[in-house]
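Visitor: I would like to learn how to read a model like this one. Where do we start?

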Amino acid sequence: MNKLLQATGRYLKTIGRLFWHNYCLCCNCETSEEDEYFCPDCWSKIGFCLVDSYCNRCGREISVFGKLPGGCAKCENESFYFDSIACAGIYKSPLRELILQFKLADKTRLLPILTDFIQKAIYRTDFYDIVDYIVPVPLHWRKRFQRGFNQSELIAKNLKISSMLFSNDIVKVRETPSQTAVSFEARRKNLEGAFAVRKGHNFDGKNVCLIDDVKTTGATLNECAKVLKEAGAGKVFGLVLAVAGQEKY
Ligand SMILES: [Zn+2]
Ligand SMILES: [Zn+2]
């Protein structure tokens, strides 16, 4: 009898697993079959992080009325090497936690949905049909070795845009202190000479879209764009999951 009960218990557990295997990737609560990735509550919170009105020069969230010919009030006096920037959202909770989780722990389950966010963001830009190369912002080899992967490269490779080719011909040749709260100018100095293009690259005369997970001061994108332009690239765009640093640096 005991054995029969045990067997029945195991059977029910298996059935249960078959029917209730969905968990919200954000809050970990059990979700129904129809909920994709997140529970309805988390979907609505994530919805508040995703934006479609932002400054296409610096990525900061602004209303359509805040757009100026030279960007927005916060960036009109800043100068960048990248021509334009696109973002899926703002770096705030819970999108921030998802990005950190993706980067530090759970790259596999979150990759499709984060790629989807960024793919939708690029379709909304006015540059998506002129990009030749999708290029991830590189990590220094030591950091990549420690983490086991480059989060931006995973997203870039996962994007399905037939007109764009993937390239990782920009590399980080020097380790730099991790991005703590410093100004754009201090970051820019820290990053000088940190990136280089590989010999035999194909960037000459081509338009490049750099992919990164988070834009904070913009100094990383800026330095990569500078190196790409020195290598002959035409236009260079930035595409990120989230923009942090809404304040002026
Ligand atoms: Zn949830
Ligand atoms: Zn701006």
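Guide: Start with a definition. Four donors count as tetrahedral if all angles lie between 85 and 135 degrees. Keep in mind that this is a predicted model.

Visitor: What is the geometry at the site of the zinc ion (ligand 2)?

Guide: The angles among its 4 donor atoms run from 106 to 114°, and the site of the zinc ion (ligand 2) is tetrahedral. Its protein donors are Cys 55 (SG), Cys 58 (SG), Cys 72 (SG) and Cys 75 (SG), at 2.3 to 2.4 Å. Along the sequence, these donor residues follow the spacing C-x2-C-x13-C-x2-C.

Visitor: Where do Cys 55 and Cys 75 lie?

Guide: Both Cys 55 and Cys 75 lie in the loop between helix 2 (40-49) and strand 1 (84-90), so the pair ties together parts that are 20 residues apart in sequence.

Visitor: Are Cys 55 and Cys 75 buried or exposed?

Guide: Buried means under 20% relative accessible area. Cys 55 has 1% relative accessibility, so Cys 55 counts as buried. Cys 75 has a relative accessible area of 0% and is buried too.

Visitor: Which residues coordinate the zinc ion (ligand 1)?

Guide: Cys 24 (SG), Cys 27 (SG), Cys 39 (SG) and Cys 42 (SG) coordinate the zinc ion (ligand 1), at 2.3 Å. The spacing of these donor residues is C-x2-C-x11-C-x2-C. Angles among the 4 donor atoms are 103 to 118°, and this site is tetrahedral.

Visitor: How do Cys 24 and Cys 27 compare in exposure, buried or partly exposed?

Guide: Cys 24 is buried, at 1% relative accessible area. Cys 27 is partly exposed, at 41%.

Visitor: Now the aromatic rings. How should I read a pair?

Guide: A search of the whole structure finds 8 aromatic pairs. One of them joins Phe 80 and Phe 82: the centres are 4.8 Å apart and the planes at 10°, so the pair is stacked. Phe 80 is buried at 14% relative accessibility, and Phe 82 is buried at 5%.

Visitor: What kind of pair do Phe 80 and Phe 184 form?

Guide: Phe 80 and Phe 184 make an edge-to-face pair, with 6.0 Å centre to centre and 80° between the planes. This pair links distant parts of the chain. Phe 80 is in the loop between helix 2 and strand 1, while Phe 184 is in helix 7 (residues 184-191), 104 residues apart. Both Phe 80 and Phe 184 are buried.

Visitor: Which residues do ring pairs link into a cluster?

Guide: Tyr 37, Phe 38, Trp 43 and Phe 117 are linked into a cluster by ring pairs.

Technical notes:
Residues are numbered from 1 along each chain as its sequence is written. Chains are lettered from A and ligands numbered from 1 in the order in which they are written. This is a predicted model: local features need pLDDT of at least 70, side-chain atom pairs count only at pLDDT 80 or more; totals for chains, interfaces and linings use all residues. Side-chain values use heavy atoms; hydrogens and water are left out. Donors are N, O and S atoms within 2.8 Å of the metal (3.2 Å for Na, K and Ca); water is not among the atoms, so sites may look incomplete. Four donors count as tetrahedral if all angles lie between 85 and 135 degrees; four count as square planar and six as octahedral if opposite donors are over 155 degrees apart and all others between 65 and 115; anything else is irregular. Buried means under 20% relative accessible area, exposed over 50%, partly exposed in between (1.4 Å probe, protein chains only). Helices (H or I, at least four residues) and strands (E, at least two) are DSSP runs, numbered from the N terminus. Rings of Phe, Tyr and Trp (its six-membered ring) pair if their centres lie within 6.5 Å; planes under 30 degrees apart count as stacked, over 60 as edge-to-face and the rest as tilted.
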